[in-house]
Amino acid sequence: MKVRFTVNGEAVAVEGHPFERLLDVVRERLGATGTKEGCGEGECGACTVVLDGRPVLSCLVPLAQCAGRAVETVEAIAAGPARDLVERLVEAGGVQCGACTPGIVVTAWALLRDNPSASREQVREALAGNLCRCTGYEGIVRALATDGGEPPAAADPAATAAPAHPGNGAPRTLDEALRRLAAEPGLRPVAGGTDLMVCEPEDRAGMPGALDLFALPELAGIRELTEGEHAGGLEIGAAVTFTEIRRSPLVRARYPALAAAAAVVGGWQIQNRATIGGNAANASPAGDSLPVLLALDAEVVAVGADGERRIPYREFHTGYRRTALRPGELLTAFRLPPPPPGSRQAFRKVGTRAAQAISKVVVAALGRVDEGGRFDLFRLAAGSVAPTPVRLGAVEAAIAGRPADEATAALAGRLAAGSVTPIDDVRSTADYRRFALERVVRRMVLDLAGTASS
Ligand SMILES: Cc1cc2nc3c(=O)[nH]c(=O)nc-3n(C[C@H](O)[C@H](O)[C@H](O)COP(=O)(O)OP(=O)(O)OC[C@H]3O[C@@H](n4cnc5c(N)ncnc54)[C@H](O)[C@@H]3O)c2cc1C
Ligand code: FES
Ligand code: FES
């Protein structure tokens, strides 16, 4: 396929495979070798470029999704708008090796462009996806942060992203997309590509065509539901990114557990591309938003050639990495019922490090305490503890009606740990997962009871 877009303001037309990595296009086809390859799997940030205003990982962007878009690489950024920033990095001892620095400059420039007075905490968060193994972070933070104090209210790094969904590429409507899917069974839906692009080059080469889900307006946006059984709730398009979710005032106000989950999916560059629909369709038991969708009693909207289906999210994950989606169907949206009046939500993720870590255990809960001090509502869901994300119905039943106190919290933790089937794998052991689940659930129940502060 021939894809036309701009790189550093210059129009280019690149003939290539739809799943060729933008990283290879800029380096090998266009000679912009300032963009580096480190891990090739989205982990290190060395390949960061700016795509339509947002820092993204070029090793995870397929060529097909570049159509009509604007790419900026470190060559233009460092020689132009980030010239002063590069000098500051040099002076503060924030420039170390040539593999990591270009990606750091691009991410840092994108952060400071929209938030020139970023705090140390904000700099650290924005750069969480740019790894440096020589531990040069202090010099970098010193060069970029203007203070060590509280972050300014409007300066969430996620809130600096440019709007997604520019509507380029073909097809451009859901109907057209479904027709193409039916006619070309090899066509692969791709949203952020942050799961799909992490594969062997020969697997990528074996995917004959890409269906760009960001080009479909039906899968974009967050809407209030004003009528029907979920009136007062929200509909979140499947191609909504975690950056959009965490910055959405509606999500933050009504579903703080979902906003919290969105904020810990990978680093900033991952959140700028990774979608909630991709998280669910990929169906990893470790997906961070999945226990939240379970605890919120979400509903999936799936559309195929035979029309639209509504699937309770509890029935969506049918087995290890399997979902209720049928061949040719697309997940188009999640419908979230309004949170029960007076209820509170909680979310916790246990990973190897604070950012950019796949969960060892991830938990979401929703609870309400009545006037008599007892739980009259309690929902609990967990991930990374079974082949699919799970609602822990037996724990919920045991806790409902009990006093909101330490003994109930301890009981919930014990019951939760006893009711899951985790495995040993490279990230953790089954024993540690049970231990972590018990501690997290105990703490969460206290949070929901209002007897703990965090
Ligand atoms: C470095 C790194 C860190 C990560 N950290 C985390 C983390 O902390 N927490 C976490 O949960 N995940 C994490 N992930 C995994 C990934 O980012 C998420 O699962 C993300 O939500 C996937 O969304 P996507 O839009 O990128 O999906 P894609 O890669 O575009 O798609 C994934 C799969 O779902 C299918 N698909 C996508 N959308 C639809 C749809 N609407 N309908 C039907 N099928 C669809 C695709 O065909 C593909 O098979 C990480 C990944 C990387 C590379
Ligand atoms: S090369 Fe490491 S994130 Fe792309
Ligand atoms: S700057 Fe490359 S390892 Fe630290």
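Visitor: How many residues surround ligand 1, and which are the closest?

Guide: This is a predicted model, to start with. In it, 34 residues surround ligand 1, and the closest are Gly-42, Ala-191, Gly-192, Gly-278 and Asn-279.

Visitor: OK, and which element gives the most to that shell?

Guide: That's H13, with five residues.

Visitor: How do the shell residues divide into nonpolar, polar and charged?

Guide: There are 16 nonpolar residues, 12 polar ones and six charged ones around ligand 1.

Visitor: Switching topic: at what angle do H16 and H17 pack?

Guide: About 150°, with the axes 7 Å apart; H16 spans residues 406-418 and H17 spans residues 430-449. Angles over 145 degrees count as roughly antiparallel, so that is what H16 is to H17.

Visitor: Is the crossing left-handed or right-handed?

Guide: Right-handed, as H16 passes H17.

Visitor: Which residues meet there?

Guide: From H16 you have Thr-408, Ala-409, Ala-410, Ala-412, Gly-413, Arg-414, Ala-416 and Ala-417. They meet Arg-434, Leu-437, Glu-438, Arg-439, Val-441, Arg-442, Val-445 and Leu-446 in H17.

Visitor: What's the split by class in that contact?

Guide: The contact of H16 with H17 has nine nonpolar residues, two polar and five charged.

How values were computed
Residues numbered from 1 in each chain as written. Chains lettered and ligands numbered in written order. Predicted model: local features only at pLDDT ≥ 70, side-chain atom pairs only at ≥ 80, totals over all residues. Near = placed C-beta within 6 Å. Helix = DSSP H or I, 4+ residues; strand = E, 2+ residues; numbered from the N terminus. Nonpolar A, V, L, I, M, F, W, Y, C, P; charged D, E, K, R; others polar. Axes fitted to C-alpha atoms, helices over the stretch in contact; angles between N-to-C directions. Parallel < 35°, antiparallel > 145°, perpendicular 65-115°, else oblique. Left-handed = near helix turned anticlockwise from the far one by under 90°. Contact = placed C-beta atoms within 7 Å.
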